[in-house]
Amino acid sequence: MARGSPLLADVQALVGSRHVRSLPAHRRIDKRRVDVECAHWRGRVSVVLSVKGQHHAYAVQRGVNLVNEIFTVLQASYPEYLSEAFGLAVE
C-alpha cells in the first residue's frame with residue numbers, strides 16, 4: 001500500500017477515529033483500556049492494539065470489530081484492492 005494513497009488515508013482515518021467519544025459505545029475503543037494505531041512500513045500496514053492492564057478480552061473483541069469495519073470499508077470502496085491482495089472476487 002503506497003504512502004499517501006487514498007486507501008491508506010481511509011484506513012488510517014478509520015483506525016484513528018476509534019477513540020472518539022461521539023461513536024456509539026459498541027464501536028468505540030476505550031483509550032483507558034486499549035490504544036490503537038495504524039503503522040505503515042515498507043508498503044505494509046499494521047493495526048496495533050496495545051492493551052492496558054488486564055483488558056485482554058475487551059481488546060480482542062474491539063480488535064475483531066475493527067478488522068470487520070476495515071474490511072467493510074475496503075469492500076465498499078476498494079474492491080480491486082481486495083481482489084489483488086487477497087484474491088477475493090470483485091462483486
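**Close-up views of a predicted chain**

View 1. Arg 42 counts as exposed, because its relative accessibility is 70% and the cut-off for exposed is over 50%. The model shown here, as in every view, is predicted. Arg 42 sits in the loop between strand 1 and strand 2. Its phi is near 55°. That is a positive value, in a residue that is not glycine.

**View 2. The whole chain, for orientation.** Three helices and two strands make up the secondary structure of the chain. Their order along the sequence is α-β-β-α-α. The C-alpha trace spans about 40 × 30 × 25 Å along its principal axes. Of the 91 residues in the chain, 29% are buried. Take the contacts between residues at least 6 apart in sequence: 41% of them join residues at least 24 apart.

**View 3. The largest pocket and its lining.** A probe the size of a water molecule, rolled over the atoms, shows where empty space is left. The largest pocket has a volume of about 270 Å³. Strand 2 (44-51), helix 2 (56-77) and helix 3 (79-86) are the elements that each give two or more residues to its lining. Which element gives the largest share of the lining? Helix 2 does, with four residues. The lining residues include Met 1, Val 11, Val 45 and Val 47. Also among them are Val 67, Ile 70, Phe 71 and Leu 74. Tyr 81, Leu 82 and Phe 86 line the pocket as well. By class, the lining holds 11 nonpolar residues, with no polar and no charged ones.

**View 4. Val 11, a pocket-lining residue in helix 1.** Val 11 belongs to helix 1 and is one of the residues that line the largest pocket. Is Val 11 buried or exposed? Val 11 counts as buried, because its relative accessibility is 7%, and buried means under 20%. Setting aside residues up to four places away in sequence, Val 11 touches Cys 38, Ile 70 and Leu 74. Ile 70 and Leu 74 are also among the pocket-lining residues. For scale, Val 11 and Asn 65 are 14 Å apart in space, C-alpha to C-alpha. In sequence, Val 11 and Asn 65 are 54 residues apart.

**View 5. Helix 2 against helix 3.** Two packed helices are described by an angle and a distance between their axes. For helix 2 and helix 3, the angle is about 110° and the axes are 5 Å apart. Helix 2 is therefore roughly perpendicular to helix 3, since that term covers angles of 65 to 115 degrees. The helix 2 side of the contact is formed by Phe 71, Leu 74, Gln 75, Ala 76 and Ser 77. On the helix 3 side are Pro 79, Glu 80, Tyr 81 and Leu 82. The contact residues divide into six nonpolar, two polar and one charged. Phe 71, Leu 74, Tyr 81 and Leu 82 take part in this contact and also line the largest pocket.

**View 6. Arg 18, a buried arginine.** Arg 18 lies in the loop between helix 1 and strand 1. Arg 18 counts as buried, because its relative accessibility is 3% and the cut-off is under 20%. What does Arg 18 contact, leaving aside its neighbours within four places in sequence? Its partners include Leu 23, Arg 27, Arg 28 and Ile 29. Val 36, Leu 66 and Glu 69 are also in contact with Arg 18.

**View 7. Asp 30, a buried aspartate.** Asp 30 is placed in the loop between helix 1 (6-16) and strand 1 (34-41). Asp 30 is buried, with a relative accessible area of 17%. Beyond its neighbours within four places in sequence, Asp 30 is in contact with His 19 and Tyr 58. Asp 30 and Arg 62 are 32 residues apart in sequence. In space they are 9.3 Å apart, C-alpha to C-alpha.

**View 8. Glu 84, an exposed residue of helix 3.** Glu 84 is in helix 3. Glu 84 counts as exposed, because its relative accessibility is 69% and exposed means over 50%. Glu 84 and Asn 68 are 16 residues apart in sequence. C-alpha to C-alpha, Glu 84 and Asn 68 are 19 Å apart in space.

How values were computed:
Residues are numbered from 1 along each chain as its sequence is written. This is a predicted model: local features need pLDDT of at least 70, side-chain atom pairs count only at pLDDT 80 or more; totals for chains, interfaces and linings use all residues. Side-chain values use heavy atoms; hydrogens and water are left out. On a 1 Å grid over the protein atoms alone, a cavity is a set of points where a 1.4 Å probe fits but cannot get out, and a pocket is an open set with protein on both sides within 12 Å along at least five of seven lines; lining residues have an atom within 4 Å of a point. Grid points are joined across faces, edges and corners, and a volume is the space filled by probe spheres set on the points. Ala, Val, Leu, Ile, Met, Phe, Trp, Tyr, Cys and Pro count as nonpolar, Asp, Glu, Lys and Arg as charged, and the others, Gly among them, as polar. Axes are lines fitted to C-alpha atoms, for helices over the stretch in contact, and angles run from 0 to 180 degrees between N-to-C directions. Angles under 35 degrees count as roughly parallel, over 145 as roughly antiparallel, 65 to 115 as roughly perpendicular and the rest as oblique. Contact means heavy atoms within 4.5 Å. Buried means under 20% relative accessible area, exposed over 50%, partly exposed in between (1.4 Å probe, protein chains only).
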